[in-house]
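Hi there,

I'm handing over the structure we talked about, and it is pasted just below. Have a look at it when you get a moment, and then read on.

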2 protein chains.
Amino acid sequence: MSELRWDPLKRSWVIITNGGGRRPRDFFVARQQVDLSLCPFCPGQEAKTPGELFVIRNAGSDNGPGWRVRVIPNKFPALGIEGMLDKRSVGLYDAMNGIGAHEVIVENPDHERSMGEFESAEIVDILRAYRARLLDLRRDVRFRYILIFKNHGVEAGSGIPHSHSQVIALPITPPVAATELMVCREYYERKERCLVCDLLLQERADGRHVIRDDGHFLVYAPFASCFPFEMRIVPVRHGHDFALMTDAELLFLAEALKDSLQRLSQVLHDPPYNFVLHNAPPMHQRLGKPAYWGSLPYDYHWHMEIVPRLTKIAGFEWGTGFYMNPILPEEAARYLREADPSFTL
Amino acid sequence: MSELRWDPLKRSWVIITNGGGRRPRDFFVARQQVDLSLCPFCPGQEAKTPGELFVIRNAGSDNGPGWRVRVIPNKFPALGIEGMLDKRSVGLYDAMNGIGAHEVIVENPDHERSMGEFESAEIVDILRAYRARLLDLRRDVRFRYILIFKNHGVEAGSGIPHSHSQVIALPITPPVAATELMVCREYYERKERCLVCDLLLQERADGRHVIRDDGHFLVYAPFASCFPFEMRIVPVRHGHDFALMTDAELLFLAEALKDSLQRLSQVLHDPPYNFVLHNAPPMHQRLGKPAYWGSLPYDYHWHMEIVPRLTKIAGFEWGTGFYMNPILPEEAARYLREADPSFTL
């Protein structure tokens with residue numbers, strides 16, 4: 001079983017995913033080799049994966065072809081779903097069992113197209129799958145945070161080319177989320193306004209970082225982007241929880257997401273990228289916890305971040321948590337704003 | 001001029017290193033192309049680099065051959081040394097000019113050998129250069145933190161194969177350092193003991209993470225290592241400041257560093273790696289500042305971290321600040337402890 005470990009000097013958790021058996025030679029070359037001749041995510045190969053947890057299908061029966069989106073447990077999970085957390089100290093350190101959920105969302109039966117090439121209606125199905133998994137996993141009181149993210153391209157960490165996203169339910173709140181939740185709560189307590197709403201107003205008034213604004217979702221290049229051509233997609237209407245989105249709202253998001261990914265692909269020639277959903281933690285964690293572990297409905301504002309993986313993270317960035325970005329976000333925004341999203345390579 | 005920018009949602013600074021002129025095509029491929037036929041760091045090529053800031057030499061004259069270690073300004077600095085910080089708000093954001101120092105330490109005239117292959121006496125010269133630059137740069141009151149680090153190998157971010165380290169003096173305290181300084185101060189205020197000293201005692205008593213212990217420096221695999229085969233080198237005698245090390249102490253450190261890099265090279269076949277010196281900030285910042293910006297001499301304990309770059313950082317890690325490590329640190333320590341550092345590939 002994997003283990004979560006706490007470093008008291010860095011104040012951060014890490015998942016040690018392997019209880020033993022790895023040898024140095026496993027690290028000489030890339031570890032995950034996939035036989036592309038038989039993609040496990042393609043229709044007809046359902047028996048090669050664990051059984052589906054959620055599915056949207058046109059026809060056919062469980063764990064067979066005919067699906068439009070399919071959610072399955074990760075075959076090599078970083079965290080296991082069965083067992084107790086067994087929180088414990090190891091001298092000055094802390095540890096707990098690696099309990100959590102690790103799922104794969106196979107976004108489409110089509111092996112060839114990537115998310116930016118899907119129709120908006122197809123992306124709505126993917127977003128409905130995200131919503132369904134958030135609503136289901138948050139019923140498990142062991143989980144403090146549910147993370148939804150996507151790696152596109154080998155350089156972004158994707159081991160399988162068939163377009164997919166991942167869900168990880170965690171027994172701790174990860175540091176980036178904890179900081180955002182704390183910052184938003186402090187801001188709200190001081191001003192009785194949402195920080196993200198205020199940032200959105202400023203970006204719309206300024207205009208230099210705006211990439212796309214359809215009145216429902218604002219897409220912009222963050223002023224202090226850590227990476228070149230980074231994008232943030234923010235719902236204009238305040239909301240703390242992606243899972244409360246209606247189907248109509250998901251369609252607007254699908255259009256914003258498709259449009260953003262197409263602009264990225266046009267400007268940078270289909271770069272590798274990651275995107276991460278920044279969402280409030282489950283409700284049961286927002287009651288009676290210290291401020292930085294949770295968020296009241298009015299003080300957090302969910303959003304998505306898209307980060308193209310164009311530059312290497314070197315010793316400086318890793319050792320300091322401090323990034324160097326070689327392009328002005330205003331210029332990156334201009335390139336992305338002026339791109340024609342209907343253009344295809 | 002580059003600019004430092006603050007993200008109020010993430011509570012972090014970024015350096016925007018280019019004021020304009022980058023185009024998307026600059027990001028299609030690796031940016032830094034170096035003509036290896038004429039290495040700018042080799043003896044005889046001194047005129048190709050800016051003039052030396054510090055040098056240890058056997059013979060010859062300034063900016064000519066005969067040196068053993070040579071420190072020069074970075075030809076493409078992330079931060080410029082001239083000017084005022086001009087701190088300002090941009091609505092809810094903050095910005096300041098990209099003022100700082102960015103220097104290169106050419107570690108040895110030999111183009112072929114890497115740091116693990118240098119003699120201990122040669123590494124002492126490099127460590128003396130680190131000490132000299134720390135002592136010089138901290139006289140500049142604009143600088144809040146001086147970072148010394150090394151990238152070895154292309155995958156670790158090194159653009160030039162000739163063995164070198166870098167120095168960056170920053171007008172802010174980077175997040176990783178700020179957290180360590182705050183954590184150590186809080187621990188000291190509560191217990192009147194140093195956290196790192198306590199961790200060191202625990203690691204020596206436990207023994208499972210120890211890679212090397214010569215009584216002067218303890219080398220161990222951190223319990224919550226974020227990366228496989230990560231190593232921490234900690235002076236056994238408490239000290240907050242690397243720059244206060246005597247020449248005799250530098251020799252013990254040189255031996256520990258050489259030995260650690262040799263073990264790493266043997267176990268993982270010369271992997272790419274980064275190392276970072278974690279040191280207290282300059283004295284003038286430790287007087288009269290809020291706790292997390294500084295450190296009293298007794299509450300911080302300097303150390304070095306060596307991180308081999310074996311795994312990709314994917315969307316999960318970047319989006320959460322939360323890492324997955326596929327090998328137990330106890331097992332990584334055992335492989336490194338049992339390696340024969342005198343073995344050469």
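This is a predicted model: local features need pLDDT of at least 70, side-chain atom pairs count only at pLDDT 80 or more; totals for chains, interfaces and linings use all residues.

Residues are numbered from 1 along each chain as its sequence is written, chains are lettered from A and ligands numbered from 1 in the order in which they are written, and side-chain values use heavy atoms, with hydrogens and water left out.

Chain A has six helices and 15 strands; helices (H or I, at least four residues) and strands (E, at least two) are DSSP runs, numbered from the N terminus. Of its 345 residues, 60% are buried, where buried means under 20% relative accessible area, exposed over 50%, and partly exposed in between (1.4 Å probe, protein chains only). Contact means heavy atoms within 4.5 Å. Among chain A contacts between residues at least 6 apart in sequence, 67% join residues at least 24 apart.

One residue to look at is A:Leu38, in the loop between β2 (12–16) and β3 (54–57) of chain A. A:Leu38 is partly exposed, at a relative accessible area of 43%. Leaving aside neighbours within four places in sequence, A:Leu38 touches A:Gln45 and A:Lys48.

In chain B, ten strands form an open antiparallel sheet in the order β3-β4-β7-β9-β8-β13-β14-β12-β11-β10; two strands pair if DSSP finds at least two bridges between them. The edge strands of chain B, β3 (54–57) and β10 (210–213), each pair on one side only. Strands β13 (273–278) and β14 (303–308) of chain B are joined by six bridges, and B:Phe275 has B:Ile306 as its bridge partner in β14(B). Helix α3 (195–206) of chain B packs on this sheet, touching β10, β11 (217–220) and β12 (231–235) of chain B. Helix α6 (329–338) of chain B also packs on the sheet, touching β10 and β12 of chain B.

Finally, which residues of α4(B) meet α6(B)? They are B:Arg263, B:Leu264 and B:Val267, and they meet B:Tyr335, B:Leu336, B:Arg337 and B:Glu338 in α6(B).

Happy browsing, and write back with any questions!

Methods:
Axes are lines fitted to C-alpha atoms, for helices over the stretch in contact, and angles run from 0 to 180 degrees between N-to-C directions.
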